[in-house]
Every structure is written in structure tokens, then in C-alpha cells.
Amino acid sequence: SGAPDAPSSNALDGGGPSARDDAFAVRLGRGQQEYVDPRGVHVVVGRYIGDAGDVGSMPANLTDEELNANAFAPQEGAGRDGLPVLLPPAAQARARRLYRVNRYNLVASDRVPLNRSLPDVRKKRCQGKYSAEGLPAASVIIVFHNEAWSALLRTVHSVIDRSPRALLHEIILVDDGSSRAFLGAPLEEHCARLPVATRVLRTGRREGLVRSRLLGARAARGQVLVFLDAHCECTKGWLEPLLARVGEDRTRVVCPVIDIISDDTLAYVRSFELHWGAFNWEMHFRWYTPAGEDLRRRKHDISEPFRTPAMAGGLFAMDKDYFFELGAYDDKMEVWGGENLEMSFRVWQCGGSIEIAPCSHVGHIFRKSSPYSFPGGIAQILYSNLARVALVWMDEWKEFYFKFTPEAARVRDQQSVRARLQLRERLQCKSFRWYLDNVWPQHFFPTDERFFGKIRNRRSGHCLHGSGNGGGGAKGASGAAAAGVCLDAPALLAQMFVVTRDGAVMADESVCLDAPGHNDDAARRPKARLSMCADTPRQRWRYDPQTKTFVHPASGMCLAEVDEGVVVEECSMDSRQQWIMEEVPWK
Ligand code: LR7
Ligand code: MN
């Protein structure tokens, strides 16, 4: 499929999802995991912040010398063509120890030359599709806080080496209050010698990524702003598609496909191009795979840019004037998180669009946890940012969010969002309802026309489990549907379902109740499943309020809870086939 071989592991982070044998397991962000099975059908998305205790806690046992040393020591051929770096046993203890500095393998990163080669991962159709002729020039903005020298400068060098010189107006590095000596004068000296104008701006104190990007954007002189994280590597042809799409229509915000650079071996792993970005009920960013009609449309021409409801946030191109006209960023957002959804809603609701250009591929080191501090605490910061998003952009769905996300509800009243509401007013932006209906019609959010609540089995009293993260052991899962003890207050998303007018039984994370579309053998009782929502008769159900049964028209069978689990079987009106719909107000 064009992907390099799965990297073998230096096994530094004690296993975790990236160490799974499943070659289709890809990590997509801090604690965000997505497993695409070999047929690309089911997607399981894991928790956002895996072990919160791990986040932001700098280990006390690293010495100042270790934290401040730049041990960049390139070895010819290390990581060449994006291949994994395999450390000799002698280096592994040190690698394990220093892993915690950046939450990626610093020793391996320090061996990979700044100008390592990478495969051209683009689809055939992409090659020659975009010419550099007549495209607007870019200011590439990279913000960082205590990044490793090797990873930061590999980002810079990959931009310089793989961008047509005429399209690269400048590179702007924004140091967000880093404390490491090598990021001071030595960084400026290195940048001064580069063949492309590369400036280092400094916030002077820790401002967080939003205000750091704002500093960079205000200083930029290119027509298009291109933002990158500080641990990326650009591949051949990455820039032209971004600039071409923005050049054609300045209201487009264009993202590359984000490939995976292993946090362990630094291997470059091409990711699945069909993802698009959205979010779950906790307002955490998620990748989903298009299904049904969306998938068919996409497959028609895999090289064509496609629209996405939300962006991951770190890697995108946007016309500079449009960026400021549209309100830049919410500068009251701190440190990390939420700004990607804020910008996604704002762009869509206020007249622009967000798309992914599949011919543009940029690698990013995905980490399992954050290496840096969150002054004030991660929950306080993240949920304050998310509360701001909800308060400004989500209309009555903010009440849904606050009702089911106590962490955000707690900080709701501390937010002053007047200026952002005025911006929304001034730009005459559309409603969140419009966004849900038009930008993300496949969404699994409750609306007034949909059932929202629990589905309780009459015989056992058990409730169907969805995929919410609310606990109860029902981890976000495609797989066999299950029922278990009903969970009560605080209302738990794990057992909440939305039933749409056309009979889809949806849960959080875009999973739908699913059963085989035929019944060849009346004696068999196929398991019901939770699968990635798709436009298929397998996922259509008809609830009969009289008999309280969930009929599955495609197979003519009924949903039942039996000893083996949740199945479909021949309809009999037995109480195990009866389900009580317990409506819960969604706002
Ligand atoms: O206080 C800070 N100051 C900073 O300058 C905190 C962070 N930063 C810098 C940091 O050094 C890095 O260069 O900001 C950049 C992003 O921080 P990361 O790498 O810790 O973020 P991430 O990759 O875990 O998170 C994703 O979501 C973030 C939400 O705020 C940002 O939008 C990131 O840019 C974004 N990264 C991507 O979109 C890459 C693909 C990940 C996915 C999915
Ligand atoms: Mn990042």
C-alpha cells in the first residue's frame, strides 16, 4: 500500500497502542488511537488523555545537564528513507532514560540527520498535479516550547529542502518561553546560516501555543500562513497543493495528510488518506473514516481535496489576511487544546471551509503524553479552552456539552467570551445547527427530532453500552454490542444512544448498532455489533413502541439480550427482545 514496513520497536514506552502487533494500528495524537481493521471497516477510537497523571509531569530525576544538553550526533544513513532507527544495546538505557525529556526517543532523533531522505508517499495521480507557477508565497510558522534540537531543526530543514524556493517567503520560529540553553543563541546562529530567511521570535514568557502562533502570524510577510508543529517532516510536493487551494479561494483552510513519525524509532509511516477530522461528545478531536456514499465519492478521485468538519490543528495553510479578518485565534486560550475546534467552527460557520489535500503529506511525531507543564493543571486549562469553544460557537449544544462534561461545566462561569461573541455577531456567522446539518450531516449528536437516552432490556434490566468514555468498563469500541448494569447519575455517556429518524442507533465516537443484513439460518443468533456508522441497511432498525422490539428489517430479526450477549434472533416477543427507551433530556 505504499507504506514503509512497520517499524520494529525500541520498546521505550512500555508497550501501549503503538506496540500492538496489528499493523493497521496507528496512533493519532495524544492518547488518541484509531485502529483500522484490514478491511478499513471498523474504527475504534481510544481515550484522549490516556493517563492524565502522566501528562505534564516532568520527572524530577533528570538532571539539569540532561535537560539542557543538545546531544545531536547525526549518523550517516540513520533513519534514511524514513526507515526506523534501531539503537545498539549500548544506547538503549540512555534512550529509555531520556525518553521522558520530550516524550519521544531523543537518542534516536539525535542520530537522524537534519536532511534525511524520505520516500515520496504521494499517490501516482498527485505527481505532476500541482505546479509551483503562479502560487502565492508562504510564511511557515513553527511554535515550540523546549523542543529537541534535532526534531525542531529537522522540521526546518525539511521545509527548506522540499519547498520550491520561490514559494517560501520565510520561516518564523516562535520560542514560547523555552528554558533550554541550546534554543537560545545557538539556534539563532544556526538559523542565520540557512539559505531561507529564518527568524527566531521569542514570547519572553510562556504564552501557550495560541498566543505564540499569533505572534508569528503578526510578524509574517508571506501571503499565506502555513503552521507546523515543531516535530514534523515535510515530504516531496507537500507545499504546492496547500498553496494552490488557498490561492484559488482564500476562504479555504487547507490541511495536509498527517503521516506518523514513530515516537520510538522515528520511522516515517504513511497514514491512511481517507481520514477526516471531527470530534466526540467530550469535544475531543477524532479522526473518522468516511463510509458509504462519502467513501464512494472520495474513492472516485483519491487525489482531490475533500472537506472535513474539523482540523487537527497543528498543520494547516490559511490566507494571512483572511486569518485576521476571521478573528485569528481566541487569545484567551492557554497552553494547549481547543483552538483547533474553535477555528474549525469559526471558519465553517463564518463562510469559509476546511479541507484536506491528500497530495500533501507531512509527518508528525505523535506522542502519548505531553512533556511540558500545564501551569494551573491540565484539566483546568484544557476544559477552560473547550468551554470557550462551546460558549461562543455551539448555541444550545453547549448545554449538552456542559451537562455531560462536568470538567467543562466547572469552569464555565470563569470565561469571559464577550469579544468573541461580538466577533461572531460582526461576521454574521451561521448557527451550530447549520454546521451540524450541512458540514457534518452524518454527525451523531442529539437534536430535538432524535431520541436521546438509554436503551434498557426488559428482562435483565441491563442497558446497552455505546462507546462513550464515561466508565463502566465499556471502552470506546467497535466490536460486539454489549449490555450491562445501567449507570446512573452523573449521567454517563457510555450508555447514551441517539436514534435518528431513519433508524440509525448511534453512540458517541460514530459507532452504530449493526447486524448482518440477512438471515440464512434461523437457528443462528448472530451477535449485534457496534460498527463505524455507515449508510447501510445493516444499521437500520425499527423500534415498535407497542411491542417494544427493535426490528432489524434487513434480516427480519429482533434485537435480544441472551446469555452470550446482544444478538439478533427470530422475533418472538419474549421479554429478552423487549427494550425500554429511557429518554434523557439532552440539554
Ligand atoms: O505551551 C505550549 N507552547 C507551545 O509552543 C504548548 C505547545 N507548544 C508548541 C509545541 O512545542 C508544538 O510545537 O505547540 C505545538 C503543538 O503542541 P503539541 O505537539 O504538544 O500538540 P499535539 O501534537 O499533541 O496536538 C495537536 O492539538 C493541539 C491542540 O492544541 C495543537 O493544535 C497541535 O498543533 C496539534 N498537533 C497536530 O495537529 C498534529 C497532528 C496531531 C493530531 C491529531
Ligand atoms: Mn505535535
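Is Ser510 buried or exposed? With 23 other C-beta atoms within 10 Å, Ser510 is buried. That residue gets its own panel below; everything shown here comes from a predicted model.

Panel A. Most residues other than glycine have a negative phi. As for burial, Ser510 counts as buried because 23 other C-beta atoms lie within 10 Å, and the cut-off for that is 20 or more.

**Panel B. Val335, another non-glycine residue with a positive phi.** Val335 belongs to the loop between helix 9 (320–325) and helix 10. Look at its backbone: phi is near 50°, a positive value in a residue other than glycine. Val335 is buried too, since it has 26 other C-beta atoms within 10 Å.

**Panel D. Strand 9 and its two partners, strand 15 and strand 10.** Start with strand 9 (residues 252–261), which is mostly covered: 10 of its 10 residues are buried. With strand 15 (residues 353–365), strand 9 pairs in the parallel sense over 10 bridges; to find your way along this pairing, look for Cys255 opposite Ile356 in strand 15. With strand 10 (residues 268–269), strand 9 pairs in the antiparallel sense over two bridges, and Ile261 has Tyr268 of strand 10 as its bridge partner. Strand 9 and strand 10 make a hairpin with six residues between them. In that turn, Leu266 shows a positive phi of about 65°.

**Panel E. Leu225 in the largest nonpolar core.** This core counts 160 residues, and Ile141, Leu225, Val226 and Ala317 touch the most other members. Helix 11 (residues 378–393) provides the largest share of the core, 10 residues. Leaving aside its neighbours within four places in sequence, Leu225 has contacts that include Ser139, Ile141, Ala217 and Ala220. Ala317, Met318, Lys320 and Phe323 are also among the contacts of Leu225. In soluble globular proteins, nonpolar side chains tend to be buried together.

**Panel F. Where domain 1 meets domain 3.** The domain assignment gives domain 1 (135–365), domain 2 (378–439) and domain 3 (451–583). The centres of domain 1 and domain 3 are separated by 40 Å, taken over C-alpha atoms. At the contact, nine residues of domain 1 are paired up against 11 residues of domain 3. On the domain 1 side, strand 12 (285–288) and helix 8 (292–300) each supply at least two residues. That side has three nonpolar, three polar and three charged residues.

**Panel G. Leu98 in helix 2.** Leu98 is found in helix 2 (residues 89–102) and counts as buried because 23 other C-beta atoms lie within 10 Å. Not counting residues up to four places away in sequence, Leu98 touches Glu66, Leu106 and Val107. For a sense of scale, Leu98 and Ser360 are 32 Å apart in space, C-alpha to C-alpha, and 262 residues apart in sequence.

Terms used: Residues are numbered from 1 along each chain as its sequence is written. Chains are lettered from A and ligands numbered from 1 in the order in which they are written. This is a predicted model: local features need pLDDT of at least 70, side-chain atom pairs count only at pLDDT 80 or more; totals for chains, interfaces and linings use all residues. Domain bounds come from an automatic or database domain assignment. Two residues are in contact if their C-beta atoms, placed from the backbone, lie within 7 Å. Helices (H or I, at least four residues) and strands (E, at least two) are DSSP runs, numbered from the N terminus. Ala, Val, Leu, Ile, Met, Phe, Trp, Tyr, Cys and Pro count as nonpolar, Asp, Glu, Lys and Arg as charged, and the others, Gly among them, as polar. A nonpolar core is a set of buried Ala, Val, Leu, Ile, Met, Phe, Trp, Tyr and Cys residues joined through C-beta atoms within 7 Å. A residue is buried if 20 or more other C-beta atoms lie within 10 Å of its own, exposed if 12 or fewer, and partly exposed in between; C-beta atoms are placed from the backbone. Two strands pair if DSSP finds at least two bridges between them.
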